[in-house]
Amino acid sequence: LAVEASATYDMGVPSTQGCRYLRGIMGKYAVNPRRLAYIVSAVGLIHLLGMDEVLTLEKYGTQATVLSGELGRFDGAPIFPSGLMREDLNASGVFDNTTETKTGMLLVNRNGFVIGRRRAPMIESFRDVVAGVDEVVASMREDFQKRYGTAEKLVAYAFNIPNTIEVGS
């Protein structure tokens with residue numbers, strides 16, 4: 001979605017200015033930080049935690065990680081690490097199976113997406129007489145869709161972020 005809406009940024013090492021620029025790309029969809037979320041890989045999280053402006057649990061109090069899943073905040077927007085953010089990208093932010101030295105970061109307007117129910121929860125049970133057990137299965141069908149058109153900047157993507165951390169001497 002970020003590529004389709006021309007909401008990408010060649011960030012390099014994350015910085016305060018770079019993260020704010022990423023937010024600026026989204027325009028009206030980035031005005032309220034309570035509607036935003038940064039989604040980063042594990043290495044991306046470490047990069048962000050190295051910035052003085054990122055507030056961590058001991059600085060912002062009762063929003064405990066166990067309750068919210070977030071590990072920090074930048075300018076009021078939560079930072080969520082995800083194992084699904086790739087750490088094997090090239091400098092263009094694309095997986096090419098050759099150069100695997102970069103990662104990316106997403107800034108998402110969480111209100112720009114909806115989860116719809118395609119089928120209500122259903123519980124089924126049956127008796128397996130051979131094994132002598134009762135089986136119970138619960139299932140439901142949901143769908144995740146964007147709320148607005150493709151050209152809307154609901155997501156911004158920062159790429160070319162190193163997938164390693166430099167340690168000073």
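Q: Which residues touch the most other members in the largest nonpolar core?
A: In this predicted model, that core has 31 residues, and Cys19, Leu22, Tyr38, Leu48, Ile79 and Met105 touch the most other members.

Q: And which helices and strands each supply at least two residues of it?
A: Helices H1 (16–25) and H2 (42–49), plus strands E2 (36–40), E5 (77–81), E6 (102–109) and E9 (155–162). E9 gives the most, with 6 residues.

Q: OK, the sheet. What's the strand order?
A: E1-E9-E6-E2-E5-E4-E3, an open sheet of 7 strands with mixed pairing. E1 (8–10) and E3 (54–55) are the edge strands, each pairing on one side only.

Q: How do E6 and E9 run, parallel or antiparallel?
A: Antiparallel, with 6 bridges joining them. Val108 has Val155 in E9 as its bridge partner.

Q: What does H1 touch on the sheet?
A: H1 packs against E1, E2, E4 (72–74), E6 and E9, and its direction makes about 160° with that of E1. H2 packs on the sheet too, touching E2, E3, E5, E6 and E9, at about 120° to the direction of E2.

Q: Switching to aromatics: how many pairs?
A: There are 5 aromatic pairs.

Q: Why is the Phe113 and Phe144 pair called stacked?
A: Their ring centres are 5.4 Å apart and the planes are at 10°, so the pair counts as stacked. Phe113 is in strand E7 (113–128) and Phe144 in strand E8 (133–146), 31 residues apart.

Q: Is Phe144 buried or exposed?
A: Exposed, at 54% relative accessibility. Phe113 is buried, at 13%.

Q: What sits over the ring of Phe95?
A: The charged end of Arg86, 4.2 Å from the ring centre.

How values were computed:
Residues numbered from 1 in each chain as written. Predicted model: local features only at pLDDT ≥ 70, side-chain atom pairs only at ≥ 80, totals over all residues. Heavy atoms only, no water. Core = buried A, V, L, I, M, F, W, Y, C linked by side-chain atoms within 4.5 Å. Buried < 20%, exposed > 50% of the residue type's maximum accessible area, 1.4 Å probe, protein only. Helix = DSSP H or I, 4+ residues; strand = E, 2+ residues; numbered from the N terminus. Phe/Tyr/Trp six-rings, centres within 6.5 Å; stacked < 30°, edge-to-face > 60°. Lys NZ or Arg CZ within 6 Å of the ring centre and 35° of its normal. Pairing = 2+ DSSP bridges. Contact = heavy atoms within 4.5 Å. Axes fitted to C-alpha atoms, helices over the stretch in contact; angles between N-to-C directions.
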